[in-house]
Structure formats: C-alpha cells, structure tokens
Amino acid sequence: MIYFNKVSKYYNDSYPALAGVDFVVSPGEFVTIVGHSGAGKSTLIKMILADEKPSEGSVFFESLDIGRLRGRDLINLRRRIGTVFQDFRLLPNKTAYENIAFAMEAAGKTDEEIESDVPHVLDLVDLGHKIFSFPHEMSGGERQRLAIARAIINQPEMIIADEPTGNLDPINTYEVVQILKKINDLGTTVILTTHNKGVVDSIGKRVITMEKGKIVRDDKAGSYVL
Ligand code: ADP
C-alpha cells in the first residue's frame with residue numbers, strides 16, 4: 001500500500017509542485033496518473049522512490065514513512081519497488097541477459113538463480129530471441145520490454161513506470177501496456193504516468209488526474225479527460 005497523507009512540496013518559494021495531495025494505492029491496483037507537463041507527476045513519483053522529500057505531510061509504503069528512511073532501510077525500500085523510465089536506463093555495454101543478471105547480482109542472487117530466471121523473464125516480455133543482443137541492437141519497444149524485465153526480476157511488490165511509452169510508436173506502446181497489464185494480473189501493483197490518451201483508455205483502470213500540484217479527478221475505471 002502507498003499512502004500520501006496531505007503531501008505538499010515546495011522546491012522554492014513560488015507555487016507548490018504538490019499541494020495537499022491525499023490518496024491511497026492498494027496492493028494489486030493498476031493506477032494511471034495523468035496531467036499536463038508541470039502538474040506534479042514526477043514529483044509524486046520521486047517521493048515514492050525517496051528521491052525527494054515532502055515539505056509537508058508524509059508518504060507511507062505500508063507502515064514505513066518513506067521520507068524518514070535512511071541507509072539500509074532506504075536500500076530495502078527501493079528493492080521492493082521496480083522502476084521503468086522513458087529513457088530505458090539500460091547498461092549499453094551489456095547484453096539483454098547481462099542487464100538482467102546484473103540486477104540479480106546486486107540483489108544477492110546466486111549464479112544458479114540467474115541462469116534459470118533470466119531466460120524465463122525474457123520470455124515473459126517476448127524477448128527470448130534477443131537474449132544475447134545489446135541495447136543498440138534492439139528497437140525502442142524491445143529496449144523498454146527489457147527494462148520492464150529488469151524491473152520485475154527481483155519480484156518487487158510494485159512497479160513504477162514513469163512515461164514508459166513516451167519514446168515509442170503506437171505498436172510498441174501497445175505491447176508495453178499489454179506487458180504492464182500482464183504483470184499487474186500476476187499480482188504486482190502498477191503505478192504508471194502517461195500523456196497518452198490511447199494508453200489510458202486501453203487500460204480501463206483507475207485514473208488519477210493532476211493539475212497544478214493537486215489531484216483534480218480520481219476515477220475508478222477512468223478515461224482520459226484533460
Ligand atoms: P510533471 O512530471 O507533471 O511534468 P513535475 O513534478 O516535474 O511535473 O513538476 C511540477 C512543478 O515543480 C513544475 O512547476 C516544475 O517546474 C517544478 N519542479 C520540478 N522539479 C523541480 C526542481 N528540481 N526544482 C525546482 N522546481 C522543480
């Protein structure tokens with residue numbers, strides 16, 4: 001569960017990036033966050049990842065007050081949340097296999113676990129045929145599917161996908177959305193930000209709309225209404 005309790009964020013003295021944001025994301029939900037550029041979506045995501053702290057209020061992950069976590073507790077939190085970004089953030093000098101193996105090594109997995117799990121997760125994102133390809137040998141959609149595979153390999157409770165389809169054409173966008181839906185069907189909570197009306201409408205789940213740092217709509221099975 002994620003719980004934003006009256007969260008405001010001031011980067012400087014001008015108007016707040018977030019202004020009294022209150023909401024709960026329950027385990028297993030698929031929540032899409034929409035809003036114009038500057039609405040506060042990235043700031044909200046950064047607070048879940050402890051990359052920024054609230055100026056007022058608190059953000060909880062289960063019973064953990066994220067803004068107060070330090071050291072080992074912060075590392076443990078970040079292990080429980082998989083992340084996917086618009087710019088993929090893959091390691092360019094490593095193959096698809098090695099990109100995922102690297103994330104498993106960092107989480108202390110054994111060589112046996114790596115050898116058995118990497119092909120499996122690549123199949124899940126339809127990249128079994130690209131296992132020994134480097135990112136520059138893959139399309140944008142394939143790179144993003146690899147980034148998703150890496151995000152889920154250590155079985156996080158939640159995936160945060162910040163504009164994951166921002167660089168993709170409609171067909172690759174569709175495939176990435178289908179994979180996020182599949183991951184959600186398998187039980188992982190998904191929080192997605194997007195500008196893409198087609199993406200929101202094709203998911204058909206909860207939509208939070210932000211405007212000037214506030215939540216202005218929260219639709220259980222929403223569509224895009226900016
Ligand atoms: P979105 O992701 O919806 O485009 P952001 O969360 O990036 O929105 O931005 C919300 C507001 O906060 C904007 O006015 C933006 O200029 C401001 N902002 C974001 N990051 C910073 C920062 N690091 N320093 C100062 N202002 C920032």
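Figure 1. The structure is a predicted model, in which local features need pLDDT of at least 70 and side-chain atom pairs count only at pLDDT 80 or more, while totals for chains, interfaces and linings use all residues. Residues are numbered from 1 along each chain as its sequence is written, and side-chain values use heavy atoms, with hydrogens and water left out. Helices (H or I, at least four residues) and strands (E, at least two) are DSSP runs numbered from the N terminus. Two strands count as paired if DSSP finds at least two bridges between them. β7 and β8 run parallel and are joined by 5 bridges. β6 and β7 also run parallel, with 5 bridges joining them; there Thr83 has Ile160 of β7 as its bridge partner.

**Figure 2. Burial of β7.** Buried means under 20% relative accessible area, exposed means over 50%, and partly exposed lies in between (1.4 Å probe, protein chains only). Of the 5 residues of β7, 5 are buried. Met158, Ile160 and Asp162 point one way from the strand, whereas Ile159 and Ala161 point the other way.

Figure 3. Strands of a sheet pair through backbone hydrogen bonds, either parallel or antiparallel. Here 4 strands form an open sheet in the order β2-β1-β4-β5, with antiparallel pairing. β2 (18–25) and β5 (64–65) are the edge strands, each with a single partner, so one side of each has no neighbour in the sheet. β1 (residues 2–9) pairs with β2 over 5 bridges in the antiparallel sense. Ile2 has Val25 of β2 as its bridge partner.

**Figure 4. Two nonpolar cores.** A nonpolar core is a set of buried Ala, Val, Leu, Ile, Met, Phe, Trp, Tyr and Cys residues joined through side-chain atoms within 4.5 Å. The largest one has 37 residues, and Ile100, Leu122, Leu146 and Leu180 have the most contacts inside it. At least two residues of this core come from each of α3, α4, α5, β7 (158–162), α6 (170–185), β8 (189–193) and α7 (197–203). With neighbours within four places in sequence left aside, Leu180 is in contact (heavy atoms within 4.5 Å) with Phe30, Ile148, Ile159, Ala161, Pro164, Val190 and Leu192. A second, separate core has 28 residues, including Val7, Leu18, Val25 and Ile45.

Figure 5. In α3, the buried residues are Ala96, Tyr97, Asn99, Ile100, Ala101, Ala103 and Met104. The buried residues of α3 pack against α4 and α5. In α1, 6 of the 8 residues are buried, namely Lys41, Thr43, Leu44, Ile45, Met47 and Ile48. Ala50 follows α1 and has a positive phi, near 60 degrees.

**Figure 6. Thr188 in the loop between α6 and β8****.** Thr188 has a relative accessible area of 14% and is therefore buried. Not counting residues up to four places away in sequence, Thr188 touches Glu29, Pro156, Glu157, Met158, Ile159 and Ile183.

**Figure 7. The largest pocket.** On a 1 Å grid over the protein atoms alone, a pocket is an open set of points where a 1.4 Å probe fits, with protein on both sides within 12 Å along at least five of seven lines; lining residues have an atom within 4 Å of a point. Grid points are joined across faces, edges and corners, and a volume is the space filled by probe spheres set on the points. The volume of the largest pocket is about 790 Å³. It is lined by 28 residues, with Arg78, Ile81, Gly82, Thr83 and Arg150 the closest to its centre. Two or more lining residues come from each of α1 (41–48), α2 (71–79), β6 (81–85), α3 (96–106) and α5 (140–152). β6 gives the most, with 5 residues. By class, the lining has 15 nonpolar (Ala, Val, Leu, Ile, Met, Phe, Trp, Tyr, Cys and Pro), 8 charged (Asp, Glu, Lys and Arg) and 5 polar residues (the others, Gly among them).

**Figure 8. The second largest pocket.** About 330 Å³ of space lies in this pocket. Among its 13 lining residues, Val121, Leu124, Ile152, Ile153 and Gln155 lie nearest its centre. Helix α4 (residues 111–124) supplies the largest share of the lining, 5 residues. The lining of the second largest pocket divides into 7 nonpolar, 3 polar and 3 charged residues.
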